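Hi everyone, thanks for coming. I'd like to walk you through one part of a structure today, so please have the viewer open.

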Amino acid sequence: MKLLTAERIRLLVPSMSLAVLLVAVFWLQPRTMSYTGLNLLFNLAVPIALATVAQMLIMMVNDLDLSMGTFVSFVACVTATWVQTDPLIGFAILAACIGVYALIGALIYLRNLPSIVVTLGMSFVWGGLAVLLLPAPGGVAPDWIRAIMTVKPPFAPMAIVASIGIALVAHWLVMRSSLGVVLRGVGGNERTVERAGWSVLRARATAYALAGFFAVLAGMCLVGLTTSADANIALRYTLLSIAGVILGGGEFVGGRVSPIGAVIGALTLTLAASLLSFLKISPDWQIGAQGAILIIVLAVRLLLNRSEARGTGQ
Amino acid sequence: MSLVRQVFGKPWIWAFLATLATFVVTILFTGGASTVGLAQAALTFGAFSVIVGLGQMFVVTLGPGNVDLSIPATMTLAGTLALKVMETQDGLIWLGLVVTLLTGLVIGIANYGLIKLLRIPPIIATLSASFIVQSAAIWTNRGIRIKPPELLAQFSTASTLGIPNVAWLALVISVAAWVALERGIYGRFVSAIGQNMRAARLAGVPVDGVRFATYVLCALLAAITGFLLSCFSGGAALNMGAEYLLTSIAVVVIGGTAVAGGFANVPGIWGASLFLFLVVSMLNTYGASAGVRMLLTGVIIIGVIVAASRRPAR
Amino acid sequence: MTQGDNPVISVNGARKSFGAVHALDGVDFSVRAGECVGLVGHNGAGKSTLVSILNGGLSPDSGTLALLGRPVERHSIAQARSIGLRCVFQELSLCPNLTVTENTRVAHRSLRGFGWRGRAARLIKDKLDEIFPDNGIDVGRSISGFSIAQRQMIEIATAFTSSDGSVRLVVLDEPTSSLDAGLAGQLLTFVRRFVAAGGAVVLISHILGEVLSTTDRIVVMKDGKVVADRPSAEFSTESLVGAMGSVVRAREARAARDAAASQTAVLSHTSAGRGLDFVARPGELIGLAGLAGHGQTRMLVDLYMAEGGSWRTPAARKVAFVAGDRAVDGNLPLWSIVKNMSVTLLPEIARFGLVDRAAEARVTADWHKRIAVRTENMDNPILSLSGGNQQKVLFARALASPAPVVLMDDPMRGVDIGTKHEVYAMLRAEAAAGRTFVWYSTEMDEVCQCDRVYVFREGEIVAELVGNEISEERILSASFAEKAA
């Protein structure tokens, strides 16, 4: 039995980076080592983690969603307006959004379109809709979402509990359920799945719909934290979610994804921002540091993969 | 008859027809009062999209998965750095140009270096590079708005023979790009790689060299646009490149360049750039809100790509 | 006859052609329950086409097909699966990102609901242990972590698992190609047990020893026809090789090129300890033979890539490449014939980075005449040409370049006989003028035209034949190992 399988290496790098960052933050700012401190550190991680899981579901079938940020923003706007005033219509809109995601997935497969360009177009659509809904920042988060997001569970703060919950649910759905296996199979070898009698079209639409569902949750959680919405509230989620998946050990093609890793990746990115501010590094370099982390992780993974390839080659 | 058929067989004709239609509709609404002004504005703003669009066009032509996401960051950094070194003095314009070109060169080399060394898809390589470039831009910009040298400010806002200077410049670059694409060995090689990279390599095309040159070219053109845009608008703003990420890809797609690679066309970039600007101004004159404008842009991009996928070319 | 007289599957008079090539030319084939049938033949004999017809992937142009004795109008993959027919193909068809258990789940729709993972794991683990005792395969690991041999074991075991309905017939296409002798023995023993229990197996293998020892009956195919169908006991290795090849074939007269041997090598490839080294000298016509997929294309591509040119075009290019798999390695599908033909030549006819279009037109018009591409207009798209004419364009692309060595990757696939003879003549003329050709071919009579032949088996050169040593029999016996390596 080999101790370091490919899957374990994939989880090792993100877990290590998170641990190192956490230790560094505690060292620099011991006060964060408390219930409220941790809650503050990881507060914004919940919506990012959800968006990252959504992006991961798309990357699982070898596509990429460049509309994630605008979509989450749009959902936030809907939540702060319709869901607040007319919950029935609000939820109908959100359900329709998930349907649109499934349709996009089907369209991309049927027409053999590049997902990058289609989702880029969709980012204009969601952005436009969001601006129509909320031309200026505003809206109010529904009280019940606000209450859920600010609940204080015993032992560990909400952000941590929620992140673990998201990771477990996504892990069960993608890695353990019999449906998740077929969806990952589509990313790994579409022809095999087709040969075994499955509908690739249905599988891809399902993956997109699930992604839409998680992105909807991301938008709702975000509003719960910020209490009001804005059409540009989550634009950086597109890049953050892609970076989170990669950090968490996901790969661009081949259906190799890790839901737990993706959540860890999202937490790492959130924490990196805090660390930089504790280090008194100018906030100018925060985005740059995220880019550098991404590059370093990719380089480390390349090295690990190479050494592993040498190991099995003999 | 055959001439008509030949003209209508061109992939760029639709972009121009759409441009013409939008122009006429807009002029009709305003009663012809703003014909010259609208044309001037379209040519000016269109010119910026044309220059970045040309770079993106060559990259997209390299085949599926090739896209440069670092364009906005490159534009901002180049504009900021150039204005800084010129210190508003006309005598230092040469230095500003050198810095602009160097910025583009370094980013282009870094982009392809990441693609090649880390063996990652171009979209992720240019994305992570753009994080760092963006931070560098924020850091150098620091919210201080340096004015461009008087001479440059005048040049970039003035017209020659009734046509804006930036449009002339874009025209010169376009002609050069057209020659390289249609008559040059470089254009042949780019197209060959986009059709089938393995076949191109086995036919003797220096694949790495050509791809490298293309990413450098794209970064150079983005840097030049950033330089021009910051001179035109009287200073470099941090978000000035933001809209050009989507625009650069949109003009390539609408202009009739094959998203799957292998086929590019320069006139279409002009048609699409003017069209995109005119759609926005038409909607403006009709009093449509920003949301509707974005929504329609997205719908147009998706519509064009779905329609293009029906073509039997592939 | 153990289980009644109805064959599990039978085809009668099956014909199938792809363009001008008759892949199957009236084949009768049937498999009964409790029978293991060996299917042998050289490349292109029609084995894989026959298998595709059996599993529903292809439908024959004419002929009848019956399942369990009942005639079937339209056969399909789903129908083949429903009567319990499974195929193990040579190419890996597992999802590399999934674990063994998860791949079992993908193969069986009924494995779902609570506890599916446990059921799937038990199903595949039991079958693996049954076929390959002490295999040591951890079914919880993903496929990408396994060696090729282990992947093949998993794929074979997956084919024999049944969750909803029994497995009646399993087609094994080169199942032992990456298994060592011990594992191959275990598999063959299992096949005997499976057959004894009433199952049916079709075994395709280039290792004649295992075909002779495992099967009850051997069907030999050649040129799309069944040329022998007898009980295995009536065959020996020699008689099998004899049945696969033609008895006598008039070989093209070949000019003796003994002088070439003294010249210095223009291209070489060291084998790093596995098999023989490769050497090419000026003016030689070198054949690469052996069964398809045994490393010939790989070596040609390695030879090509080793000459550089990835970053910039070398000043003096040494090699040009003629692709055989036109869609994957050759055609630039959006381009005209002219552009496809001139792409390799571009650096030579460009000035200041611009293509000299007059020179391009001149050169391509010249080759249009010399190689007789059948089109009125060279500006037509490349895909408007027939396969044979596309191939001529690819030949012209390489021959028009100044490269002294031309590598050819089975370039005559799907090319009509007339074109072939035109190209053969041109090759001989060019070789006489001093050009070197390295020619991988799956066609025996093409290999037999060469001055020297390297025979490949399992990725390495196992034999070198010179001049009069080159014969169909010697190439065949070198390509087929008698027992598992």
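Before we start, one term: two strands count as paired if DSSP finds at least two bridges between them. Also keep in mind that this is a predicted model.

With that in hand, look at chain C and find strand S14, residues 319-322, beside S17(C): the two run parallel and are joined by 4 bridges. If you want one pair to click on, Val322(C) has Met408(C) as its bridge partner in S17(C).

Now stay with S17(C) and turn to its other pairing. Strand S18 of chain C, residues 436-440, pairs with S17(C) in the parallel sense, over 5 bridges.

Going across chain C, the order is S14-S17-S18-S13-S19-S20, which makes 6 strands in an open sheet with mixed pairing. Why do S14 and S20 of chain C each have one side without a neighbour in the sheet? They stand at the edges with a single partner strand each, so one side is left without a neighbour there. From one strand to the next, the twist averages 20 degrees.

On we go to strand S13 of chain C, residues 285-290, which runs parallel to S18(C) and is joined to it by 4 bridges. In that pairing, Leu285(C) stands opposite Phe437(C).

Next, the helices. Helix H14 of chain C, residues 387-400, packs on the sheet and touches S14 and S17 of chain C, and its direction makes about 175 degrees with that of S14(C). Helix H9 of chain C, residues 296-306, lies across S13, S14, S17, S18 and S19 of chain C, at about 150 degrees to S17(C).

Last stop: the contact between chains C and B. Chain C brings 26 residues and chain B brings 21 residues. On the chain C side, helix H10, helix H12 and strand S16 each supply at least two residues. Which of these gives the most? That is H10(C), with 3 residues. By type, the chain C side divides into 14 nonpolar, 7 polar and 5 charged residues.

That's my tour, and I'm happy to go back to any part of it.

Conventions:
Residues numbered from 1 in each chain as written. Chains lettered and ligands numbered in written order. Predicted model: local features only at pLDDT ≥ 70, side-chain atom pairs only at ≥ 80, totals over all residues. Axes fitted to C-alpha atoms, helices over the stretch in contact; angles between N-to-C directions. Contact = placed C-beta atoms within 7 Å. Nonpolar A, V, L, I, M, F, W, Y, C, P; charged D, E, K, R; others polar.
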